[in-house]
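Work through the exercises below with the sequence and the model open side by side. Each task is followed by its solution.

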Amino acid sequence: MTRSKLPEIPTSIFAEMTQLANQHGAINMSQGFPSFPASQELKELASQAILENHNQYAPMMGLPALRLAISQMFESQHHTFYHPDEEICVTAGATQAIFTAIQATIFKDDEVILFTPAYDCYEPSIKVAGGVPIKIPMQLPEFTIDWDQVRDAINPKTKMIIVNSPHNPSGKLLTHDDMLKLETIAVENDLLVMSDEVYEFMIFDDNEHRSAARYAGLKERSFVMGSFGKTFHVTGWKTGFCLAPPALMKEFLKVHQQVVFCVNQPMQRAIATYLQQPQHYLDLGKFYQRKRDLFLNLINDSRFKFTPSESTYFQLLDYSDITDENDLAFAKALTIDHKIASIPISVFMEGRDPKMLRFCFAKEDEELVAAAKILNEL
């Protein structure tokens, strides 16, 4: 019988909760993608590219126009330069970028530090590469990182640290002090860093996203991941990017070439043109903050407790005043009995259960109103 490289990987909780929502006709706030349509302009640009016969393979690293646009975007937002021809690769979504970076740099028995709760692709990608995930729990209820604990975890086998800011599922942002501590640790121990920044434009309340690209000591050793699917409400397009210094990008491309070779050309053309108007991504924070505020104002008198999300399109709700049930059982009961689906976060936290559920507010306003009505009745 064929052996499995991932023998303990269960069905994704996202797929499980979505299937349950579909079976019971529930409002699906477990899905990490919008229920509203993408920009008509962006869709027309993609259609135009198809009709103009830009339907063959794109260059392996991505269309030059899109790589240039990404370079300009980072120079404008983070005051740092990535060379379009040497340090930028367009990928089939950020998950492919993450998988590729890990396969390119992690060898058997290399240790990779990540912080839980964590996006569920990190650990399997490390294991497929033969590496060892070292999971450090974030400090609750603030979802912060204990950097002394990070230092204590480092040994000669440590190869990489993975950070995710803006953070899924908490919506927390790493601070300037966090980034300086990460930089010091990475430089002192000659570690690689992978910075998952796919929600970078969904920032609320005058907070600031501090990209690893801003810090010289991090930039020279980091893979920085982004997602146009998230930014432009087109997750099904599976179009993201990876930024890295030339030496790391050289290794990244060796694997990228074998995994996907290149990314669909029409969508790349559409996004390259769409990026020429920065307001298309700069207005994203205001757009989602209004939805966050609508949702939270509607449930303000409910029995749920919450701290408004600083970023992303996710909101954690503490249900400890409602029931002592574990979060998986409560999430399933909400879906089946009350017709609203969410994500229990204990499945990403090594058995810890903070009695919180993750709700995605990237939904039509009518869905948020209907969802709030259900939650207020609990």
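Two strands count as paired if DSSP finds at least two bridges between them. The model is predicted.

**Exercise 1.** Determine how many bridges join strand 9 and strand 12, and in which sense the two strands pair.

Solution. Strand 9 covers residues 314-318, and strand 12 covers 356-360. Five bridges link the two strands, and the sense is antiparallel. One of the residues to look at is Gln315, whose bridge partner in strand 12 is Phe359.

**Exercise 2.** Work out the strand order of the open sheet and state which strands stand at the edges.

Solution. The sheet has three strands, ordered 9-12-11, with antiparallel pairing. Strand 9 and strand 11 each have a single partner strand, so on one side each lacks a neighbour in the sheet; these two are the edges.

**Exercise 3.** Find the buried residues of helix 14 and explain why they line one face of the helix.

Solution. Start with residues 327-338, the extent of helix 14: Asp327, Phe330, Ala331, Leu334 and Thr335 are buried, where buried means under 20% relative accessible area. Viewed down the helix axis, the buried residues fall within an arc of 135°, so they line one face. Next, look for what covers them: helix 1 (13-24), strand 10 (340-341), strand 11 (343-344) and strand 12 are included. Helix 14 lies across strand 11 and strand 12, at about 45° to strand 12.

**Exercise 4.** Describe the two ends of helix 14.

Solution. At the start, a side-chain oxygen of Asn326 comes to within 3.1 Å of the backbone nitrogen of Leu328. After the helix comes Lys339, with a positive phi near 65°.

Notes:
Residues are numbered from 1 along each chain as its sequence is written. This is a predicted model: local features need pLDDT of at least 70, side-chain atom pairs count only at pLDDT 80 or more; totals for chains, interfaces and linings use all residues. Side-chain values use heavy atoms; hydrogens and water are left out. Buried means under 20% relative accessible area, exposed over 50%, partly exposed in between (1.4 Å probe, protein chains only). Helices (H or I, at least four residues) and strands (E, at least two) are DSSP runs, numbered from the N terminus. The arc is that of the directions from the helix axis to the C-beta atoms. Contact means heavy atoms within 4.5 Å. A polar contact is a pair of N or O atoms within 3.5 Å; within protein, one must be able to donate a hydrogen and the other to accept it, and residues adjacent in sequence count only if both atoms are side-chain atoms. Axes are lines fitted to C-alpha atoms, for helices over the stretch in contact, and angles run from 0 to 180 degrees between N-to-C directions.
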